[in-house]
Structure formats: C-alpha cells, structure tokens
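Biologist: I'm new to this one, so could you walk me through it and tell me where the labels come from?
Modeller: Happy to, let's get it up on the screen.
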Amino acid sequence: PPHLHLARRRTQTSGLTRSTWRLRLLPAPSTRSSRSSRARRRCTSRCSTRSSHWRRPRSRLASGSARTSLIVAGLVSLDTGGKGVILFILGALLGASFLFFQYGFASGWRLLITQGDTRPMGYHFLLVGLCSLVFLPVSFLDLGASGSLAPISISLIMGSFIFGIGMQLANGCGSGVLFTYGGGSARMLFALPGFVIGSVLGSLALPPVLEWGALNPIAIGGSDSLLVSLLTNASLIFGVMAVCFYLAHKTGRALSKKWLLGTGLIAVLCALVFVISGHPWGVTFGFTVWGGKLALLAGLPIDKAVFWQWPGPALALKQSVFADISSLMNFGMIIGAGFLAAITASFAQQPWPPSRQLIAAIIGGLLMGVGARLAFGCNIGAFLAGISSGSLHGWLWAICALAGSWIGIKIRPYFGF
C-alpha cells in the first residue's frame, strides 16, 4: 500500500556489515488531508482576522469622511442655500471621479513629451469638445450661463509657461493637487500650501503685469453666428483629438475604455456645473481666496492691494469661503476624493516621498499659484474652460504650458524623479 515504506538499516559489528529491513507505517492519506485542512482553517482564520483589522480603520475613515461631508453640506446650505449644496456635491463627485479614473493632466502631458504617447492629450481634447457642445450654445443663446473669455496678454504667456514648469515639479495640476490631496498623497501636503501662497503672490503681481500689454478677448469663429462658432470650434477641437488618437493607433497604443468612460462622466459633471453655477468650473481662484483670507487673519493688509479692490475679489474676500463657487467646489473635491480613498483603503498605499521631491512639490505649488493667477486659470479654468468657450486664450495657454512642461520635465531628475 502507498502508506507502507520498506526501510533498510545498516549496522557494523566486528568488521561485518549487517542489514536489517523494517516496514514503516506512514500516516494515512486521510490523516494528512485532515491535517492540511486544519492548517488551511487556521490560515483562513488568521487571514480573516487581519482583513477585519484592515476593514475597521477603513470603515472609520469612510464614516469620518461622510460625517465631514454632512457638516460641510449643512454649513453650505446655511450660507448659500440649495444651489451651493448641489455644487458642493458636484465637486465631491468630480473629486471621486478624478481619483477613481486617475484622470490627470500633468502626467498625461508628461507621457506626450517623454514617450510620445498622444492618448492622454486625445482624451483631454475629447473632454474639451464635449464641454464645448454645451458651453457654446448656452452662452450664445444667453440661457443663464456664459463662457470663459480672457485677454491675450503677456501675463497669459508668462503665467501659463510658469504653470507648466510647476505642475511637473509638483506632479499635479490644479485639479490634480486637489484630488490627490484628498486621496492621501503626502506630496500634496506640501504642494497645496505652496499653491495657496503662490496664488496670493500672483494676485499682487497681476495688475502691474497686465499693464505690459494685452489684447481684448478673441472669440474663435466670431460671435455673430452660433452655427459658425460651433462648427469652427468643434472642427479644431475634435480635429486635434482625431490626430492624437490616430497617432496612438499608428504606434500600436490602444485606447483605454476606462479613460473614455471617465472622460464622458467628467464632461457631464462639468456641463452640470456650468448650467447650475452660470460659468465654467474653475479651481485656482478658490486657492487665491483661501490665501487672501489667511493673509487677513495674519494681519497683512491684503485688501489694500489693487487686485483685491476689484469687484469680484473684494466680494470674495468679504464673504465666507463657501460663498465663492470655486472655493466651495475645491472643498467638495477634497472630501469626495477622501471618501473614495477611505472606502478603497488607498490611504495605506501612499508612500512617503523623498525629501527632494517634497521640496519640488513646494516649489511647484508656488510656481503654479503664481502662474495660474497671471494666466487667468489652470488646466481647468484656462485650458478646459477657455477652449470650450471658444476663447483663443485657451489655445495659447495650452501651447505655453506645454512648453513649460518640457522645461519642468528636464528639471525633475534634479529632485530625484
């Protein structure tokens, strides 16, 4: 039988070797299987205990994020009413969507420059094109919302170039800083304060830099015919998208269904923000408001500066942080991304970056803050909102920011990237 073993034993006595044969009984197969099943049960018990230890902090984080969301939503409802609550929820959905799909602008532009991968840029222009199909008709027909048009100025060129450098050093753009901060990124713990400080510095620099030269806003396709404007802008936007996807296909790179789905979902959310708020979604002005209020609390006479005496900034400085739509949605993005990170336990997957990268995050945040203020926005407020609104400044922003990104990528190795 397979559980019997014939063993030979050799002994030596007076120069003679004697062999002894014995039958050895091994454990029966059923016994071994029962032992292995008991071992499996013990392992399963230990694994379930470990998973319960992971589930408990995860559930605490999720419940904490939910309670924070309810508290902020209550404060928003007292300050801005139902409209503010809806925009806060949309901001939370945007933060969760960006984190879930890992929908980044800085990383996508870096792939284009370093690897020649045109797919992310194609997704971005698909997002811009879908938004333009809503922004342009609603703005032209004066249905309660208007697009984002900005002057063509030296400050735009300077600011977008500086912003491009900063977003590569910080490893994220305006929206990227928000959703990765909410998702538990240690790097963004340093980039976000730098962004806020840089936004205040940029607000002080913008008025004198605007005097260096500026042209009035230019609408692509004109403003006389909706059909001409829509066809002209759609041809440009979807044309760039088609070229990007064609080049990707030619190099054997398949499109990601997940990113296509994420692009469509984010486009729907951006359209809802546009219709409800009355203007395109923006990020960086909220950082400027946070920095201005902190400067006032620190006793700095920021309200005496030229920028803060303009009607919009002056009003935002007097009201609460929930009254400004950009600031409100920034809170929503952080909390929405934090809630998703809590329920998926991605907080535990965030390693602590080296010190050189943390220094790069601070410098990148400062550069992005200054650049966004000089260039009238970031990838969201200038690139996405500008081009979707048919404004020439959005295209110029993209070209200059792409050039700045090239410089930023060349600098990244000095910070250990």
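Modeller: Let's start with two helices: H3 (residues 119-140) and H7 (residues 226-250) pack with their axes 8 Å apart, at an angle of about 170 degrees. Keep in mind that this is a predicted model, where local features need pLDDT of at least 70, side-chain atom pairs count only at pLDDT 80 or more, and totals for chains, interfaces and linings use all residues. Residues are numbered from 1 along each chain as its sequence is written, and side-chain values use heavy atoms, with hydrogens and water left out.

Biologist: What makes a run of residues a helix or a strand here?
Modeller: Both are DSSP runs numbered from the N terminus: helices (H or I) have at least four residues, strands (E) at least two.

Biologist: And why are H3 and H7 called roughly antiparallel?
Modeller: Axes are lines fitted to C-alpha atoms, for helices over the stretch in contact, and angles run from 0 to 180 degrees between N-to-C directions. Under 35 degrees counts as roughly parallel, over 145 as roughly antiparallel, 65 to 115 as roughly perpendicular and the rest as oblique. The angle is about 170 degrees, so H3 and H7 are roughly antiparallel to each other. Their contact has 19 nonpolar, five polar and one charged residues, where Ala, Val, Leu, Ile, Met, Phe, Trp, Tyr, Cys and Pro count as nonpolar, Asp, Glu, Lys and Arg as charged, and the others, Gly among them, as polar.

Biologist: How do you know what span to expect for helix H8?
Modeller: The expected span is 1.5 Å times one less than the number of residues. H8 (residues 257-277) has 21 residues and reaches 30 Å from first C-alpha to last, close to the 30 Å expected. Just after H8, glycine 278 takes a positive phi of about 95 degrees.

Biologist: Why is leucine 260 called partly exposed?
Modeller: Buried means under 20% relative accessible area, exposed over 50%, and partly exposed in between (1.4 Å probe, protein chains only). Leucine 260, found in helix H8, has 32% relative accessibility, so it counts as partly exposed. The buried residues of H8 include Trp259, Ile266 and Phe274. Leucine 260 also lies 9.9 Å from glycine 122, C-alpha to C-alpha, though they are 138 residues apart in sequence.

Biologist: What makes glutamine 357 buried?
Modeller: Its relative accessibility is 10%, so glutamine 357 counts as buried. Glutamine 357 is found in helix H12 (residues 355-374).

Biologist: And why is aspartate 142 exposed?
Modeller: Aspartate 142 has a relative accessible area of 64%, so it lands in the exposed class. Aspartate 142 is found in the loop between H3 and strand E3 (152-153), and has a positive phi of about 55 degrees although it is not a glycine. Most residues other than glycine have a negative phi.

Biologist: What makes phenylalanine 98 and tyrosine 103 an edge-to-face pair?
Modeller: Rings of Phe, Tyr and Trp (its six-membered ring) pair if their centres lie within 6.5 Å; planes under 30 degrees apart are stacked, over 60 edge-to-face and the rest tilted. By this rule there are 23 aromatic pairs. Phenylalanine 98 and tyrosine 103 are 5.7 Å centre to centre with 85 degrees between the planes, which puts the pair in the edge-to-face class. Both phenylalanine 98 and tyrosine 103 are buried.

Biologist: How do you know that the charge of arginine 412 sits over a ring?
Modeller: The rule asks for NZ of Lys or CZ of Arg within 6 Å of the ring centre and within 35 degrees of the ring normal. The charged end of arginine 412 is 4.1 Å from the ring centre of phenylalanine 417 and sits over that ring. Lysine 258 lies over the face of phenylalanine 100, at 5.0 Å from the ring centre.
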